[in-house]
Amino acid sequence: MLASQVIEYTHSHPATPDQIGKAHKCFSGSTSFYLVETSQDGLDGRPLQVDEDGALIEYRVSYSKKMGFRCSCKAGEHAKLCWHVRAAIGCEEEVKAAMKEQIALSSLNVCGKPADQETLTRVANATPQDTNVLGSMHIKPFSARC
Ligand SMILES: [Zn+2]
(Lines give C-alpha, C1' and ligand atoms only; values in the text may rest on other atoms or scores of the structure.)
Protein backbone atom coordinates (compact mmCIF):
# COMPACT_ATOMS: atom_id res chain seq x y z
CA MET A 1 0.00 0.00 0.00
CA LEU A 2 1.40 3.40 -0.94
CA ALA A 3 2.12 5.82 1.90
CA SER A 4 -0.51 8.24 0.57
CA GLN A 5 -3.09 5.44 0.60
CA VAL A 6 -2.13 4.52 4.17
CA ILE A 7 -2.62 8.14 5.27
CA GLU A 8 -5.92 8.39 3.38
CA TYR A 9 -7.13 5.14 4.99
CA THR A 10 -6.01 6.42 8.41
CA HIS A 11 -8.05 9.59 7.96
CA SER A 12 -11.17 7.56 7.20
CA HIS A 13 -10.37 4.95 9.90
CA PRO A 14 -8.52 6.92 12.59
CA ALA A 15 -6.94 5.24 15.57
CA THR A 16 -8.77 5.79 18.86
CA PRO A 17 -7.41 8.30 21.40
CA ASP A 18 -6.38 5.31 23.56
CA GLN A 19 -4.43 3.82 20.67
CA ILE A 20 -2.79 7.16 19.86
CA GLY A 21 -1.86 7.44 23.54
CA LYS A 22 0.14 4.21 23.22
CA ALA A 23 2.37 5.72 20.51
CA HIS A 24 5.47 7.73 21.31
CA LYS A 25 8.05 9.22 19.02
CA CYS A 26 11.67 8.15 19.33
CA PHE A 27 14.87 9.09 17.61
CA SER A 28 17.87 7.10 16.54
CA GLY A 29 20.32 9.80 15.55
CA SER A 30 18.35 12.00 13.19
CA THR A 31 16.00 9.18 12.19
CA SER A 32 12.61 9.25 13.89
CA PHE A 33 10.29 6.33 14.44
CA TYR A 34 7.41 5.45 16.73
CA LEU A 35 7.16 2.82 19.42
CA VAL A 36 3.59 1.68 20.00
CA GLU A 37 2.68 -0.37 23.06
CA THR A 38 0.72 -3.54 22.52
CA SER A 39 -3.03 -3.32 23.08
CA GLN A 40 -2.72 -6.48 25.15
CA ASP A 41 -1.98 -4.65 28.39
CA GLY A 42 -3.90 -7.16 30.53
CA LEU A 43 -6.79 -4.75 31.15
CA ASP A 44 -9.36 -6.37 28.88
CA GLY A 45 -9.00 -10.02 29.83
CA ARG A 46 -6.70 -10.94 26.97
CA PRO A 47 -3.29 -12.31 27.90
CA LEU A 48 -0.68 -9.73 28.76
CA GLN A 49 2.10 -9.28 26.18
CA VAL A 50 5.36 -8.57 27.96
CA ASP A 51 8.98 -9.07 27.02
CA GLU A 52 11.52 -11.06 29.04
CA ASP A 53 12.03 -8.06 31.36
CA GLY A 54 8.32 -7.81 32.10
CA ALA A 55 7.88 -4.61 30.06
CA LEU A 56 4.92 -4.27 27.72
CA ILE A 57 5.79 -5.29 24.18
CA GLU A 58 6.26 -2.31 21.89
CA TYR A 59 6.18 -2.41 18.13
CA ARG A 60 8.38 -0.19 16.03
CA VAL A 61 6.64 1.85 13.33
CA SER A 62 8.92 3.47 10.81
CA TYR A 63 8.58 5.28 7.53
CA SER A 64 10.89 5.58 4.59
CA LYS A 65 10.25 6.82 1.08
CA LYS A 66 11.46 3.52 -0.31
CA MET A 67 9.61 1.14 2.03
CA GLY A 68 6.66 3.30 3.10
CA PHE A 69 5.18 2.60 6.55
CA ARG A 70 6.40 -0.50 8.32
CA CYS A 71 5.54 -2.07 11.66
CA SER A 72 7.38 -4.81 13.49
CA CYS A 73 4.18 -6.60 14.62
CA LYS A 74 3.00 -9.84 12.99
CA ALA A 75 0.48 -8.07 10.74
CA GLY A 76 3.15 -5.58 9.73
CA GLU A 77 5.58 -8.38 8.92
CA HIS A 78 2.97 -9.62 6.43
CA ALA A 79 2.71 -6.10 4.95
CA LYS A 80 -0.77 -5.59 6.42
CA LEU A 81 -1.83 -2.20 7.71
CA CYS A 82 -2.16 -2.53 11.48
CA TRP A 83 -3.53 -0.10 14.08
CA HIS A 84 0.02 0.62 15.29
CA VAL A 85 0.74 2.47 12.04
CA ARG A 86 -2.57 4.35 12.25
CA ALA A 87 -1.81 5.28 15.89
CA ALA A 88 1.67 6.54 14.92
CA ILE A 89 0.21 8.63 12.08
CA GLY A 90 -2.49 9.98 14.42
CA CYS A 91 0.12 10.88 17.04
CA GLU A 92 2.37 12.56 14.47
CA GLU A 93 -0.54 14.63 13.16
CA GLU A 94 -1.54 15.66 16.70
CA VAL A 95 2.03 16.75 17.42
CA LYS A 96 2.23 18.73 14.16
CA ALA A 97 -1.13 20.42 14.83
CA ALA A 98 0.00 21.35 18.36
CA MET A 99 3.29 22.75 17.05
CA LYS A 100 1.48 24.73 14.36
CA GLU A 101 -0.84 26.18 17.02
CA GLN A 102 2.16 27.00 19.21
CA ILE A 103 3.92 28.78 16.34
CA ALA A 104 0.74 30.72 15.51
CA LEU A 105 0.41 31.74 19.16
CA SER A 106 4.05 32.74 19.46
CA SER A 107 3.65 35.11 16.52
CA LEU A 108 0.49 36.69 17.97
CA ASN A 109 0.84 40.43 18.24
CA VAL A 110 -1.31 42.75 20.29
CA CYS A 111 -1.07 46.41 19.39
CA GLY A 112 2.13 45.76 17.45
CA LYS A 113 3.87 44.04 20.38
CA PRO A 114 4.28 40.34 21.04
CA ALA A 115 1.38 39.10 23.17
CA ASP A 116 2.11 38.66 26.86
CA GLN A 117 1.83 35.27 28.55
CA GLU A 118 -1.60 36.05 30.02
CA THR A 119 -3.01 36.85 26.57
CA LEU A 120 -1.41 33.75 25.02
CA THR A 121 -2.91 31.56 27.74
CA ARG A 122 -6.35 33.16 27.27
CA VAL A 123 -6.24 32.69 23.49
CA ALA A 124 -4.93 29.12 23.76
CA ASN A 125 -7.73 28.22 26.17
CA ALA A 126 -10.50 29.96 24.22
CA THR A 127 -13.49 27.70 23.70
CA PRO A 128 -15.56 27.59 20.52
CA GLN A 129 -18.25 29.47 22.49
CA ASP A 130 -15.85 32.39 23.03
CA THR A 131 -15.25 32.48 19.29
CA ASN A 132 -19.00 32.39 18.59
CA VAL A 133 -19.68 35.24 21.00
CA LEU A 134 -17.02 37.33 19.31
CA GLY A 135 -18.34 36.33 15.90
CA SER A 136 -21.86 37.43 16.81
CA MET A 137 -20.44 40.78 17.92
CA HIS A 138 -18.86 41.18 14.47
CA ILE A 139 -15.40 41.24 15.99
CA LYS A 140 -12.74 39.00 14.59
CA PRO A 141 -11.69 36.36 17.13
CA PHE A 142 -8.45 37.22 18.92
CA SER A 143 -8.33 40.74 17.48
CA ALA A 144 -7.20 43.41 19.84
CA ARG A 145 -8.39 46.97 20.13
CA CYS A 146 -5.63 49.44 20.88
ZN1 LIG B 1 1.71 -3.22 13.89
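Colleague: In which sense, parallel or antiparallel, do strand 3 (residues 58-64) and strand 4 pair, and over how many bridges?

Modeller: This is a predicted model, and in it strand 3 and strand 4 pair in the antiparallel sense over 4 bridges. One of the places to look is Ser64, whose bridge partner in strand 4 is Gly68.

Colleague: Which strands make up the sheet, and in what order do they stand?

Modeller: The sheet is open, with 4 strands in the order 1-2-3-4 and antiparallel pairing. Strand 1 and strand 4 (68-71) stand at the edges with a single partner strand each, so one side of each is left without a neighbour in the sheet. Direction ignored, neighbouring strands of this sheet are turned by 25° against each other on average.

Colleague: What should I keep in mind about the side chains when reading along a strand?

Modeller: As a general idea, the side chains of a regular strand alternate between the two faces of the sheet. For the case here, follow strand 1 (residues 23-28) and strand 2 (residues 31-37), which run antiparallel and are joined by 6 bridges; Phe27 stands opposite Ser32 in strand 2. The hairpin of these strands has 2 residues between them, and in this hairpin Gly29 takes a positive phi near 65°.

Colleague: Which residue other than glycine has a positive phi, and where is it found?

Modeller: Ala79 has a phi near 60°, a positive value in a residue other than glycine, and it is found in the loop between helix 3 (74-77) and helix 4 (83-106). Ala79 counts as exposed because 10 other C-beta atoms lie within 10 Å, where the cut-off for exposed is 12 or fewer.

Colleague: How should I read helix 4, and what span should its residues give?

Modeller: The general idea is that an α-helix has 3.6 residues a turn, so residues three or four places apart point the same way. At 1.5 Å a residue, the 24 residues of helix 4 should span 34 Å, and the end C-alpha atoms of this helix are 34 Å apart, which agrees. Helix 4 lies across strand 1, strand 2, strand 3 and strand 4, and runs at about 120° to strand 2. Among the buried residues of helix 4 are Trp83, Val85, Ile89 and Cys91.

Colleague: How many helices and strands does the protein have, and what share of its residues is buried?

Modeller: The secondary structure comes to 6 helices and 6 strands, following the pattern α-α-β-β-β-β-α-α-β-β-α-α along the sequence. Of the 146 residues, 14% count as buried.

Note on methods: Residues numbered from 1 in each chain as written. Predicted model: local features only at pLDDT ≥ 70, side-chain atom pairs only at ≥ 80, totals over all residues. Pairing = 2+ DSSP bridges. Buried ≥ 20, exposed ≤ 12 C-beta atoms within 10 Å, placed from the backbone. Expected span 1.5 Å × (residues − 1). Axes fitted to C-alpha atoms, helices over the stretch in contact; angles between N-to-C directions. Contact = placed C-beta atoms within 7 Å.
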